[in-house]
Amino acid sequence: SGSAKILIKFLLNRAKNMFSKNKNSRKNPPTEVGAKGLSLIEVLIYTAIFGTIAAGLMGIVWNITRIHTQQIAATEVDENLRYAVNLVNAKVREATVIDSASGSTLVLKMADYTKTPTTFSVIDGVLYMQEGSGAQVAVTSNRVNVDSLTFEQIAMAGAKGGVKISITLSYKIEGRPELGFTKSFLSTVSKASAITFDSDLLPDS
């Protein structure tokens, strides 16, 4: 009977301790809740860091793309300007007579009658050349636009006349004007020589 009393007392004390621990855990469960709260904070911090890094990377990519696009635009405009002005200069020096040079149209008489008249003109923002009765050939590409072109016939000392050429080309991206590029070019060509200036050297440009 003594042993039984001891066993009963042990079991009662054990149950009492278990009940006390369970009661305390219900009243004060900081560990589990605290762990969950800390985990949420960590997620928010990581999300903020990732968002900041992603925004920085997107800004870098955008700047690289913008610079690359502007370089393409500048190269395209420069190449078209150079080719167009050199071609006009060559044809003027080759011509026997500058028939007319007014507005955006230049008409030349050539020694080769099959190439007379040689005409330069602008149609829908593209510079064309036509030799004799041949088909019109595009001088500038469809990636650039001839914003303005003016031919002016001038008298030059020691030369058989000359032509002043003022041309502006632009490379424009629809909906993104800030990525475009525009450049002006001025050339004075005679039967003997040509003098050219780009927009970086023109006064008030």
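Q: Which residues make the nonpolar surface patch of about 670 Å²?
A: Ile41, Ile45, Ile49, Ile53, Leu57, Ile60 and Ile64 make it. Patch residues have over 30% relative accessible area and no salt bridge, with nonpolar side chains (Val, Leu, Ile, Met, Phe, Trp, Tyr) joined within 5 Å and like charges within 9 Å. Areas are Shrake-Rupley with a 1.4 Å probe, and for residues only the protein chains shown count as cover. A salt bridge puts a Lys or Arg side-chain nitrogen within 4 Å of an Asp or Glu carboxyl oxygen. This is a predicted model: local features need pLDDT of at least 70 and side-chain atom pairs 80 or more, while totals for chains, interfaces and linings use all residues. Residues are numbered from 1 along each chain as its sequence is written, and side-chain values use heavy atoms, leaving out hydrogens and water.

Q: Is isoleucine 64 buried or exposed?
A: Exposed, at 55% relative accessible area (buried is under 20%, exposed over 50%, partly exposed in between).

Q: Switching topic, what about threonine 118, buried or exposed?
A: Buried, because its relative accessibility is 0%. Threonine 118 sits in strand E3, residues 118–123.

Q: What does its side chain reach at 2.6 Å?
A: The side chain of threonine 118 reaches the backbone oxygen of lysine 115 (polar contacts are N or O pairs within 3.5 Å, one able to donate a hydrogen and the other to accept it within protein; sequence-adjacent residues count only if both atoms are side-chain atoms).

Conventions:
Buried means under 20% relative accessible area, exposed over 50%, partly exposed in between (1.4 Å probe, protein chains only). Helices (H or I, at least four residues) and strands (E, at least two) are DSSP runs, numbered from the N terminus.
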